[in-house]
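Biologist: Could you walk me through this one? I would like to ask a few questions as we look.

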Amino acid sequence: MNIHPTTAGLLLAGILFVLGLISVLIRRNIIFMLLSVEIMLNAAGLAFVVAASHWGQPDGQVMFMFILAMAAAEVSVGLALILQLYHQLRTLDSDEASRMKG
Amino acid sequence: MLPALIPAIPFFSACILMLWWKRINHTAVTVIACGSIALSSLVALIVAATVAGHDRLPLVQHVWQWLQVPGFTAGIDFRMDALSVVFTLVITIVGLLIHVYATGYMQEDEDYGRFFACMNLFVGSMLVLVMADNLLLLYLGWEGVGLCSYLLIGFWYKDPANGYAARKAFIVTRVGDTAMAIALFMLYQYTGTLNIPEILQQVGGLWTRGDGVITLIALLLLGGAVGKSAQLPLQTWLPDAMAGPTPVSALIHAATMVTAGVYLIARMHSVFELAPAAQTTTAVIGAATLVIAGFSALVQTDIKRVLAYSTISQIGYMFLALGCGAWSAAIFHFVTHAFFKALLFMGAGAVIVALHHEQDMFKMGGLRKLLPGVFWVFLIGSASLTAIPFVTAGFYSKDQIIWLSWSAAGGHTGYWLAGLLGALLTGMYTFRMVFLVFYGEVKTKVHRIPGSVMMMPLYILAFLSTVAGFIELPHTLGHVTLFSNWLQPVLPAVEILHESLAMEWLSQLISAVLALGGIWLAWCWVIQKPRGMTEFLSMPGQLWLQGFWRRGWDMDALYDALMVKPFVYLSDINSKDLIDKIYTGLAQLMEWCHNMMARTQSGVLRWYIMGVVLGAVAVLSVLIWRLYEV
């Protein structure tokens, strides 16, 4: 079986993304949800890198840098929120934090 | 600048009084209110002299441009011609006398200033109506008169009945006004202008005699006139309009408001001449109204209601004359009627004040000795209303109408008979009133003798209602035609078919005999009470008939059954408002949607993510599908 490296890379990225997505949806622990979001971000970044190498263009790698920076920022804000949440509710269950009902 | 001053002065003083009547004292109000009308009548006299001096050529004054759009202009333009001079003089002079009288009558009223503000406004609006050069400005005055009648009839607004009467007057006349507005639209559509002289000039070229459109326009104009002048079938508001103070009644009946319809028809005479059907309708309405109102006046108990029905009846004579094409006869009767009806109303007001606001004639009596001054002027007014031959103005004007209703081109024996029956009824109801009030035994103590402020205008009017007739004498009695000559440039002379001195003598003789016979009947009925009369009055069905007449031929009940009841019934059915249901439903749907959307905001993070994912999948699916399908 002979799979083109680009296709393989994109498949891997897709699988990773879907895995991340599913775990965001099914996990209730908010730290795991944050981790899953990171996985999805990395999957997207991988797709960018693969695409960049496919077309021989550096843009994808630049985009990956952006994603990394954004992910770092997101994690810092997200962890701060999680800490606050834990302070307030004494739990990490995201379903418990449903006070912002419409 | 002169003609414009005539309505401007009363308007100005009305403004001053409206703004400051609470701050200025009693005397200042009197001076401003009466002074303005006096000034206005002075200007009117000067203008009348000018018009007379210029060989009765109309004096036109453009004050300013009111409306200007492509194809239509309307200005504040005043036009003083022979017809409007007559009306202006009557309005200002009779209006002045009524104002002077009212300063005595309303002396103790706490809303003295408000009263005179409305009165001045009333006179101003009426002046605009008669002086307007275009129909739009005329309509402004027309509606202004309607507004003032509402304000003044409901002057003592604390009594709900007065407010009801005011609303009734306003709404019933509005029915006619709607017809008139439609007539104006149609006139504009066909002639492209609302300028009165231009319209009168154009109609002859646009339509032939009897054309459907011009007939419709004339009938719609007649509808407006019928509403304002309280003619059949819109006469029901006038008897109730007696709720206002007596000087208001005098003003409405003598100088303003109810004569507006007569003026309108006379002003638009060219339109009516082209529509014989409308002219016949006018005459028939006039003849029917004068008889019906005469019967109603016969059985009233309230002195002011007798006079109200009498006005309806006398305006009926004017409409009859207009319908026969005897334009100047109608205007002549308007002038004499203004004098003697103002006199009668103010005389009645003097009686009412003297008896501490007693209006029931059956509680009066014997006032001849207690109020001799009022008695004499009231008698002169009544004589003029009854048309006592030779000495009263009413005789000359009314007999001219009765004679012309038979002899003119538009005349008919039926009209003549109705006029004669009206003459009999007038004599009866007028002197029934005189005998009830001034003869017999004294029943009520006299509370206040009217002062000279109230009596002076009465003396002047008594003088005028005697001598005003001598400016127009019939063929049989010297044939003086000063009045119709004066109106000649504006109103065409009446076309006489049967010119016969003998017939004219006969007609005058019959109507004089009938008028005197009416007085004799009233004497028998009220004072002498002979057996035949008492037996006649105890005939079966007679009480019912009296009640029927007293209620104004049950026109109110008819309208109640025809209009008011069905309307109330329909509004009851529709009390939940069918149309509103649609909008309520729409609002409810929106509310439901809102609730559903609010439900999705569960606060559970994972559901939000689910939503985002499903949305993204949907968008991507559509994108991919479009990419590969197309």
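**Backbone, burial and surface**

Modeller: Happy to! B:Asp554 is found in the loop between helix H24 (542–550) and helix H25 (555–573) of chain B, where helices are DSSP runs of H or I with at least four residues, strands are E runs of at least two, and numbering starts from the N terminus. This is a predicted model in which local features need pLDDT of at least 70 and side-chain atom pairs count only at pLDDT 80 or more, while totals for chains, interfaces and linings use all residues. Residues are numbered from 1 along each chain as its sequence is written, chains are lettered from A and ligands numbered from 1 in the order written, and side-chain values use heavy atoms, leaving out hydrogens and water.

Biologist: What is the phi of B:Asp554 near?

Modeller: Most residues other than glycine have a negative phi. B:Asp554 has a positive value without being glycine, and its phi is near 55 degrees.

Biologist: Is B:Ala230 buried or exposed?

Modeller: B:Ala230 sits in the loop between H8 and H9 of chain B, and its phi is also positive, near 55 degrees. Buried means under 20% relative accessible area, exposed over 50%, and partly exposed in between (1.4 Å probe, protein chains only). With a relative accessibility of 0%, B:Ala230 is therefore buried.

Biologist: How many residues of H18(B) are buried?

Modeller: Helix H18 (residues 393–407) of chain B reaches 21 Å from its first C-alpha to its last, close to the 21 Å expected at 1.5 Å a residue; the expected span is 1.5 Å times one less than the number of residues. H18(B) is largely enclosed by the rest of the structure, because the buried count is 15 of the 15 residues.

Biologist: Which residue's side chain does A:Asp95 join through a polar contact?

Modeller: A:Asp95 lies in the segment after helix H3 (59–89) of chain A and is buried, at 18% relative accessible area. A polar contact is a pair of N or O atoms within 3.5 Å; within protein, one must be able to donate a hydrogen and the other to accept it, and residues adjacent in sequence count only if both atoms are side-chain atoms. At 3.5 Å, the partner is A:Ser94.
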